[in-house]
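Work through these exercises with the model open. Try each task before reading its solution.

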Amino acid sequence: MQIKFNDKTNQIIKNLALEAKRFGVKIYFVGGLVRDVLMGKAPLDIDILVEGNAIDFVKSIDFVGIKSIHKDFGTVKTEISGIDIDFASTRIEEYPKSGCLPHVAKIGCDIKDDLIRRDFTINAIAARILPSLDYEIIDIFNGCDDILKGVLKVLHKNSYIDDPTRILRGLDFKLRFNFIFSPEDEKLIQSYLKNPDREGLSKDRVVLTLNKLFSSNERALAAMEDFSRCGYYKILFDEFLFDREKFENAIKLFDIKDIGKVCLKYILEAPPVEIKSKSRLEIYKHFKDFSDVDLCVYYLKTNDKNTLIYHNELKNVKVYLKGSDLLNLGYKQGKIIGDILDKVLEAKLAKNTDIVSFEDEVEFVKRTFKL
Ligand code: ATP
């Protein structure tokens, strides 16, 4: 395999391969980088896997700038000639309970034992880095074949039980690359979803995975569609409502740019508390800290048309008068100042109000509150 890095990066990789030879370890690219290169894409982040202890290896090299070390995982973030490179030690992981974060059982294992902890065959291909800048492919799960076929396959039948967020990672790859889950994977997923174990589920990892899934505007609604239709929501809940037409409509109504953010909030946030009073002042006060995304999600969850009144008519209303202006006008310090400002706001929020400018506000105050 060939990898098209620029000359500077090639030189760094070559030097690292020479250092690995000197230190007596094998180093690899693995995961997304290898998958992307095999799919004809340019490599992005550079992560290097060390078959052994990455921390000891990195510490032995004088041209590497260490940025941080994570001892429990055997990982090191570095900077080499201005390029960020992350190093990881090969490791064995164990899942004591479905969905929880795995324990590191061993740091510095054989490459094969590291590859088996990975999600899909397409992400479990390693490319050994040689000083000649040839890359020797290690593909024990036939990931190359699955890339060609466009198929997502886990490495063992307990994989989705160990980590159900792999279903969502798979959905992301499926939509990004136009791949499909293998028939066997479809069965494994549906079998997990019949009896999902949410007790030990790592919320952090769910949020991280959903963030990745909804990071693209173009794919967000397709992801929601599958999340709902294929029952992937059962990883998190018993029930889930998604109406694509309603979403598309709401996205237009609230002029939403970040569709993924709406989807994410719609999934993760509890149903909101609805407002009882319908006065325009109450609506304004209720929604005044809401972003357009918040309003859109609230509308989708409650159908409350007050969100639209706020978005279309109230959101941009501002009172220019300050308490100090009222004191200058001769009003006395105290509760009355707040009351007057509230009345000004209420008057400005009224339909067809003619109070627009600072001068209009002053006029209104003088007319309404006699000194
Ligand atoms: P991309 O960054 O393009 O989305 P990636 O595969 O590099 O793809 P990462 O989330 O950075 O995505 O993961 C790096 C590698 O770590 C994966 O390729 C995979 O081998 C492994 N991995 C990540 N998450 C999991 C998981 N939940 N279970 C098993 N292996 C995982």
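**Exercise 1.** Which helix gives the most to the shell around the ligand, and with how many residues?

*Solution.* Remember that this is a predicted model. Start with the helices that supply at least two shell residues each: these are α2 (32-38) and α7 (165-177). Then look for the top contributor. It is α7, with four residues.

**Exercise 2.** Which residues come nearest to the ligand?

*Solution.* Count a residue as near if one of its heavy atoms lies within 4 Å of the ligand. The shell then holds 13 residues. Nearest among them are Arg 35, Asp 163, Arg 166, Arg 176 and Lys 212. Next, sort the shell by residue class. Nine are charged, three are polar and one is nonpolar.

**Exercise 3.** Find polar contacts of the ligand, using N or O pairs within 3.5 Å.

*Solution.* Begin with the ligand's oxygen atoms. One is 2.8 Å from a side-chain N or O atom of Arg 35. A backbone N or O atom of Gly 32 lies 3.4 Å from a ligand oxygen. Now turn to nitrogen. A ligand nitrogen atom lies 2.8 Å from a polar side-chain atom of Asp 163. Finish with the surface: the ligand alone exposes 590 Å², and the protein buries 70% of that.

**Exercise 4.** Where does the ligand sit, in terms of pockets and domains?

*Solution.* First the pocket: the ligand takes up the space of the largest one. Then list the assigned domains: domain 1 (7-149), domain 2 (150-242) and domain 3 (323-368). Domain 1 and domain 2 each give at least three residues to the shell.

Conventions
Residues numbered from 1 in each chain as written. Predicted model: local features only at pLDDT ≥ 70, side-chain atom pairs only at ≥ 80, totals over all residues. Heavy atoms only, no water. Near = heavy atom within 4 Å. Polar contact = N/O pair within 3.5 Å; in protein donor to acceptor, adjacent residues only side chain to side chain. Areas by Shrake-Rupley, 256 points an atom, 1.4 Å probe, with all protein chains shown as cover. 1 Å grid on protein atoms, 1.4 Å probe; cavity = no way out; pocket = protein on both sides within 12 Å on 5 of 7 lines; lining within 4 Å. Sits in = over half its atoms within 2 Å of the grid points. Nonpolar A, V, L, I, M, F, W, Y, C, P; charged D, E, K, R; others polar. Domains from an automatic or database assignment.
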